[in-house]
Amino acid sequence: MDGSVASEAPASLGGRYDSRTSARPSVDDTPKTMAELEDQRRRLEQALSDLKSTQARLLQAHKLEAIGQLAAGIAHEINTPTQYVTDNVEFLSRAFERLCDLVAASRELLASAREGAPPPEVIARAEASFANGRIDYILQESPKAIQQSVDGLHRVASIVSAMKDFSHPSGGEKAPCDLNEAIASTIVVATNEWKYVADLETVFDPDLPLVRCLRDEVNQVVLNLIVNAAHAIDAVVLGGASGKGTIRVETIHDDGWAEIRVSDTGTGIPERARERVFDPFFTTKPVGKGTGQGLAIAYSVVVEKHGGEISFETETGRGTTFIVRLPVNVHEERLSTFCAPLRPMA
Ligand SMILES: Nc1ncnc2c1ncn2[C@@H]1O[C@H](COP(=O)(O)OP(=O)(O)OP(=O)(O)O)[C@@H](O)[C@H]1O
Ligand SMILES: [Mg+2]
């Protein structure tokens, strides 16, 4: 990796903030009276609250958009197992009818055997229900059909539970969260976004402590990173026509930080875009594929709301790794004012 990052220079972040908050009142003029000072304070407070509510609206809109986009994929993911469970249950239902016929014929055969030699027509009926019922086939296929159906139902249950987990609103309240579990759910929910272009591997640190966070918002950050990774790979493998790439999602407990790394074997971020990827509405994607909000939201959630860090390493033609770091034991009071500088990359 060439170690280039858009986020390495705090100066560029300062620039970004300036452009985001360009509507705020000027603080350059020296206030002459207490009244002016108070007026300026109120205007600043108002600007800050406007900014916060705009951010919240953007986050919500992006979340709804993501859920809308995911919905079709999730429907497809649920539809596939549902279809083969339906086929299998229909097969088992027909098999059951044949087995009922066989049981009836066997009973008849047994009853007449008790009374002496069974008449030939009773023996013929039992033989016919064996032959017509394709009993050997039923005995061979039924356990497979049952196992497949059980697997399919587990798959549907896991998708539904991942969806519940993914979309459960935190209501703006931070709570201790098992990030490995949350990320696993996000990966399931996003399956249709990556599975045609990439294999996805996870390396979860089993010793990752619970992290106090807004679980739904962190889920959304991870989703944005996975979707970006899939898009970057898609541009290389052309929708899967030239094989598949790899997305690797890793968690690491690193000295008071919970680190999430999302790596891809995609295009890499072009040099001219590196300084701008966290800017709201910066996108290199065609209309309908990207609105340029994913990383701006990720930045706001990670840095502003959790006192964390987000950065990336990228190499053109080889791929990109996004690194999110969330503090594990940060006091709430500290979080509200703390805005960590981005970690310079090695
Ligand atoms: N993993 C990646 N590989 C290559 N380029 C990336 C990667 N992630 C982001 N980018 C670049 O950064 C830009 C901004 O990303 P961001 O997620 O903010 O917006 P988007 O993906 O274009 O749209 P949205 O996320 O709103 O659907 C992308 O358009 C792309 O050029
Ligand atoms: Mg994106």
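Two residues are in contact if their C-beta atoms, placed from the backbone, lie within 7 Å. The model shown in these views is predicted.

**View 1. Ile-247 and its contacts.**
Ile-247 is found in strand 4. Leaving aside neighbours within four places in sequence, Ile-247 is in contact with Trp-194, Ala-198, Leu-200, Ile-226, Ala-229, Ala-230, Ile-233, Val-262 and Asp-264. Ile-247 counts as buried because it has 27 C-beta neighbours inside 10 Å; the cut-off for a buried residue is 20 or more. Thr-202 lies 45 residues away from Ile-247 along the chain, yet their C-alpha atoms are separated by 8.5 Å.

**View 2. The largest nonpolar core.**
This core has 53 residues. Ile-226, Ile-247, Ala-298 and Val-302 have the most contacts inside it. Helix 7 gives the core its largest share, 11 residues. Ile-226 is also among the contacts of Ile-247.

**View 3. Strand 4 between two pairings.**
Strand 4 spans residues 245-254 and pairs with strand 2 (residues 198-203) in the parallel sense, over 6 bridges. In this pairing, Ala-198 stands opposite Gly-245. Strand 4 also runs antiparallel to strand 5 (residues 257-264), joined by 8 bridges. Here the bridge partner of Ile-252 is Glu-259. The hairpin of strand 4 and strand 5 has 2 residues between the strands. Asp-255 in this hairpin takes a positive phi near 45 degrees.

**View 4. The shell around ligand 1.**
There are 22 residues around ligand 1. Ala-232, Thr-283, Gly-290, Gly-294 and Leu-295 come nearest. By class, the shell has 8 nonpolar, 12 polar and 2 charged residues. Helix 7 (215-237) and helix 9 (294-306) each supply at least two residues. The largest share, 4 residues, comes from helix 7.

**View 5. Helix 9, from Gly-294 to His-306.**
Helix 9 has 13 residues. From its first C-alpha to its last it reaches 17 Å, close to the 18 Å expected at 1.5 Å a residue. Of its 13 residues, 11 are buried, so helix 9 is largely enclosed by the rest of the structure. The buried residues include Gly-294 and Leu-295, which are also among the residues that come nearest to ligand 1. Ala-298 and Val-302 are buried too, and both are among the residues with the most contacts inside the largest nonpolar core. Just after helix 9, Gly-307 takes a positive phi of about 60 degrees.

**View 6. Positive phi in two loops.**
Most residues other than glycine have a negative phi. Arg-134 is not a glycine, but has a positive phi of about 45 degrees. Arg-134 sits in the loop between helix 3 (120-132) and helix 4 (135-167). It counts as partly exposed because it has 13 C-beta neighbours inside 10 Å. Phe-281, also not a glycine, has a positive phi of about 70 degrees. Phe-281 sits in the loop between helix 8 (271-274) and helix 9. With 11 C-beta neighbours inside 10 Å, Phe-281 counts as exposed; the cut-off for an exposed residue is 12 or fewer.

**View 7. The protein chain as a whole.**
The protein chain holds 10 helices and 7 strands. Buried residues make up 28% of its 346 residues. Among contacts between residues at least 6 apart in sequence, 74% join residues at least 24 apart.

Technical notes
Residues are numbered from 1 along each chain as its sequence is written. Chains are lettered from A and ligands numbered from 1 in the order in which they are written. This is a predicted model: local features need pLDDT of at least 70, side-chain atom pairs count only at pLDDT 80 or more; totals for chains, interfaces and linings use all residues. A residue is near a molecule or strand if its C-beta atom, placed from the backbone, lies within 6 Å of it. Ala, Val, Leu, Ile, Met, Phe, Trp, Tyr, Cys and Pro count as nonpolar, Asp, Glu, Lys and Arg as charged, and the others, Gly among them, as polar. A nonpolar core is a set of buried Ala, Val, Leu, Ile, Met, Phe, Trp, Tyr and Cys residues joined through C-beta atoms within 7 Å. The expected span of a helix is 1.5 Å times one less than its number of residues. Two strands pair if DSSP finds at least two bridges between them.
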